[in-house]
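Colleague: I have just opened this model and would like to learn how to read it. Could you walk me through some of its features?

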Amino acid sequence: MMKGLKKWRLFSLLAVMTVFLSACGEEYISTLTPAGAVGKEQFNLLLFSITIMALVVIVVSVLYIYAFLKFRRSKQGEDYMPKQVEGSHVLETIWTVIPIVLLLILAVPTLISTYKFGDVAAMEQVDENGNKTELIVDVTAKLYWWEFSYPDLGIVTSQELVVPTGQKVYFNLKAADVKHSFWIPSIGGKMDTNVDNINKFYLVFDEESEGLKDGVFYGKCAELCGPSHALMDFKVKTLAPEAFDAWVAAMQATEGQTASKDSTDLGEATFAANCLMCHAVTSVTGVPGGAAMGPNLTTFGDRSHIAGFLEHNKENLVSWIENPEEYKPGNLMSGNYKVGNDGLSDEEISALADYIMSLSVEK
Ligand code: CUA
């Protein structure tokens, strides 16, 4: 009876753990389900370290329990005095050497991988025409959004990084204001973005993101940077190489695209009069209209989220435009932008939202 009860207790504990732990393995956001060569190798290192540490815990626990049971006073008698081993050279040597050996075993593969992941020499490689051979993305973290610029392709986007699968993608990481940290959990470990230097590393994206929840991998800011740190999310769309090339061509084709104050489209005219000074609607850099201090909106209609974390629909966009401070406290759009009595009318905001949602290079 007692035995059966115990078995059921264990069973229900496992069942409860399944419920809670099953959420840990979502493939679009979990370190535990890596989707790239870098992430997989880091995951293997993680397993390797945990195995060694678990072995230590098990061996120590067994020895402890053994000693605990064997040398009970009730068993050995009141006057039992165990063999005195203090100062034993043999024992001291054993428990000094074992940890050193374990640390060496841990250190060797960790160091090899660390140097490998930090090897960015290929970023300087050029072909016979002087073009870079590797894909390089400049990431700039800003209070509370992300800019992704492709210097050798002449294009820029924000909030949703787009990369090809099956090749190394090299990153130059920096911050525009305070320290942030760039992290795509399923793809690889995080790296800080600093104001005063550029950190470099590479990642590999093995899987196309199309079948995932929302069709993207999730990325996070992993360094406490202000009141909206937890909302400083970005997404990663991974495409097969041909699809990536088509996306690049579509991005480059937005050269010269702009919004006109004279447009008959109320949304476009409102955008031109109120938003264009901070938000570009062309992805091409280094041309008029290409530089902007706010997130580039050329691909807004293709994104999976608004402001990095809200569901992508017009209703949320209207609410965001009306009061961004309510959603992302401390963001730079708050307070610089008037709606209501002396600002935009409901009709203008609605048209503006329709216009922004229509911006796309994929449709
Ligand atoms: Cu940026 Cu946390």
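Colleague: Which strands form a hairpin with 4 residues between them?

Modeller: Those are E2 and E3. Keep in mind that this is a predicted model. In the turn, glycine 154 has a positive phi of about 70 degrees.

Colleague: How should I read the pairing of two such strands?

Modeller: In general, strands of a sheet pair through backbone hydrogen bonds, and the pairing is either parallel or antiparallel. Here, strand E2 (residues 145–150) and E3 run antiparallel and are joined by 4 bridges. To find one of them, look at glutamate 147, whose bridge partner in E3 is serine 158.

Colleague: Are the faces of strand E3 covered or open?

Modeller: Both faces of E3 (residues 155–158) are covered. Ile155 and Thr157 are buried on one side, and Val156 and Ser158 are buried on the other.

Colleague: What is the strand order in the open sheet of 5 strands?

Modeller: The order is E4-E10-E9-E6-E7, and the pairing is mixed. Strand E4 (160–164) and strand E7 (188–193) each have a single partner strand, so they stand at the edges, with one side of each left without a neighbour in the sheet. On average, neighbouring strands of this sheet are turned by 25 degrees against each other, direction ignored.

Colleague: How many residues does the largest nonpolar core have?

Modeller: It has 48, and the residues with the most contacts inside it include Tyr150, Phe182, Ile184 and Trp247. Strand E1 (residues 135–142) gives this core its largest share, 5 residues. Another core, of 21 residues, lies apart from it, with Phe271 and Leu310 among its members.

Colleague: What does isoleucine 184 touch beyond its neighbours within four places in sequence?

Modeller: Its contacts there include Leu161, Phe205, Tyr218 and Val236.

Colleague: And the cysteines: how many disulfides does the structure hold?

Modeller: A disulfide, in general, is a covalent bond between the sulfur atoms of two cysteines. This structure holds 0 disulfides. Cysteine 221 counts as buried because its relative accessibility is 5%, and cysteine 225 counts as buried because its value is 11%; the cut-off is under 20%.

Definitions and conventions: Residues numbered from 1 in each chain as written. Predicted model: local features only at pLDDT ≥ 70, side-chain atom pairs only at ≥ 80, totals over all residues. Heavy atoms only, no water. Disulfide = S-S within 2.5 Å. Buried < 20%, exposed > 50% of the residue type's maximum accessible area, 1.4 Å probe, protein only. Core = buried A, V, L, I, M, F, W, Y, C linked by side-chain atoms within 4.5 Å. Helix = DSSP H or I, 4+ residues; strand = E, 2+ residues; numbered from the N terminus. Contact = heavy atoms within 4.5 Å. Pairing = 2+ DSSP bridges. Axes fitted to C-alpha atoms, helices over the stretch in contact; angles between N-to-C directions.
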